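Dear colleague,

Please find below the structure that I am handing over to you. My notes on its side-chain contacts follow it.

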Amino acid sequence: MIQGLKIRCVLALLFFLVAATRASAAAHGARPEEFRSRRQAYAVRANDGVTILFNALEEDLREFAADKNFYYLTGVALPDAILVLSPRHPQHKETLFIPERDPAQEKWTGPKLAPGAETAQQIGVERVLALDRFQSELTTLMAGQRKVYAILPARKRTTPPSTQEGHVSRLRLLFPFAEFLNAAPHIAHLRMKKSEAELSLLKRAIQITIEAHKATAAEVADGRQEYEVEAALEYEFRRRGAARPAFPSIVGSGPNSVILHYDKSARQMQKGELVVVDIGAEFEEYAADVTRTYPVGGKFTPRQREIYNVVRSAQEAALKEVKPGVAPNKSGPIHRAAFDYIESHGKDLKGNSLGQYFIHGTSHHLGLNVHDVVSEPGRPLEPGMVITVEPGIYIPDENLGVRIEDVVLITETGYELLTKDLPRTVEEIEKLVAKPRRP
Ligand SMILES: [Mn+2]
């Protein structure tokens, strides 16, 4: 009996260890093998050249964050790192270049990964070499190749050039005879469909955002400042494990409720106003994006209720159109349904229809970026894609703005509402705001 018990204990311990390991792998989302398979899937699309990706970050970022394309293919956010994919090279298909460790610097900023086999093993990349070998190795990896895939600037050039542009111009000098092609749409093509591991991170970011909405709605009170609501929301993000807000939080009351991207949060709220709260937590690089509109003081006026319900029904009409095969852009049926509903219900103070006050699109993709990448405009939805559905009406003459934004995962037959745990009806919203708030 004792022996058996011991074995059972050992088995239980083993099981626990296995479970714990799996849990921690799950907690960190995708494992190295998944990042490797993403690189392989990418290389199939861009197999006629060498891809060079910089983990390039722009100066205006508050803290170091990953370049999302770079992160998507590597799972690491290492400053100054460069990934080279060379599918046609006889030996080396993937090489990551990272800076050598700097013990003096590490006293300030903590230990870093070192170039070498150990790091390669750990992150699952074939080779990890020191950054100062980049130029000489690249010449070898490029041998016989004419095409270079890199992230080419999407919009017109900025002055001074972005970090990414600077890197790419130096590459052009290095390989004056190469043909430069854009890697971005190929990575975007893959990024648009989320894997199970990605969905678990995205759902976590969304759940944190929902909890923040619920915990903070009661802060929307007469005489309070918008920044108090913002602070409470971001406190809830961080204490639930989010790294940061995925974008500047929008808390816009009264006249600010009609400004789509108002992010100053510097106004005192007054009873009888509406507040648009458009927020998203970032969890392990994945962004949520969920909007609710709350009445200050806890009661919608009859007019606010009327407009709110037009937006809510427009959202329902839009959701009915969400399924594989439709384009989620402004010319597709999702936006059309939302717009048509708004255009045909309710009036402004002059008796005009309300379509003119719905000035943005209904949907965007959501993922590593809050407005996630698209490989080509109007690409139809497929199972595994994640989009927002967010109609709104903004009437400046009435200081009346309403936006309701939810997130859906496209399934084989339609969609799954990922934000179902956050109330949307007038009555539920009023109840949330009326909850006792912290002193
Ligand atoms: Mn949005």
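Predicted model: local features only at pLDDT ≥ 70, side-chain atom pairs only at ≥ 80, totals over all residues.

Residues are numbered from 1 along each chain as its sequence is written, and side-chain values use heavy atoms, with hydrogens and water left out.

**Aromatic rings**

A search of the whole structure gives five aromatic pairs. Rings of Phe, Tyr and Trp (its six-membered ring) pair if their centres lie within 6.5 Å; planes under 30 degrees apart count as stacked, over 60 as edge-to-face and the rest as tilted. In one of the pairs, the ring centres of F97 and F134 are 5.3 Å apart and the planes stand at 80°, so this pair is edge-to-face. Because F97 belongs to strand 3 (residues 94-98) and F134 to helix 6 (residues 134-142), the pair ties together parts that are 37 residues apart in sequence. Helices (H or I, at least four residues) and strands (E, at least two) are DSSP runs, numbered from the N terminus.

F97 is buried at 0% relative accessible area, and F134 is buried at 11%. Here buried means under 20% relative accessible area, exposed over 50%, and partly exposed in between (1.4 Å probe, protein chains only). F300 and Y308 form a tilted pair, with 5.0 Å between centres and 55° between planes. F300 is buried at 6% relative accessibility, as is Y308 at 0%. F54, F97 and F134 make up one aromatic cluster.

**Charged side chains**

The whole structure holds 32 salt bridges, each being a side-chain nitrogen of Lys or Arg within 4 Å of a carboxyl oxygen of Asp or Glu. One of them joins R127 and E137, whose closest N and O atoms are 3.4 Å apart. R127 lies in strand 4 (residues 127-130) and E137 in helix 6, so this bridge ties together parts that are 10 residues apart in sequence. Both residues, R127 and E137, are buried.

D372 and R191 form another salt bridge, at 2.8 Å from N to O. This pair links distant parts of the chain, 181 residues apart: D372 is in the loop between helix 12 (333-343) and strand 13 (386-389), and R191 is in helix 8 (residues 184-191). D372 and R191 are both buried.

Yours sincerely
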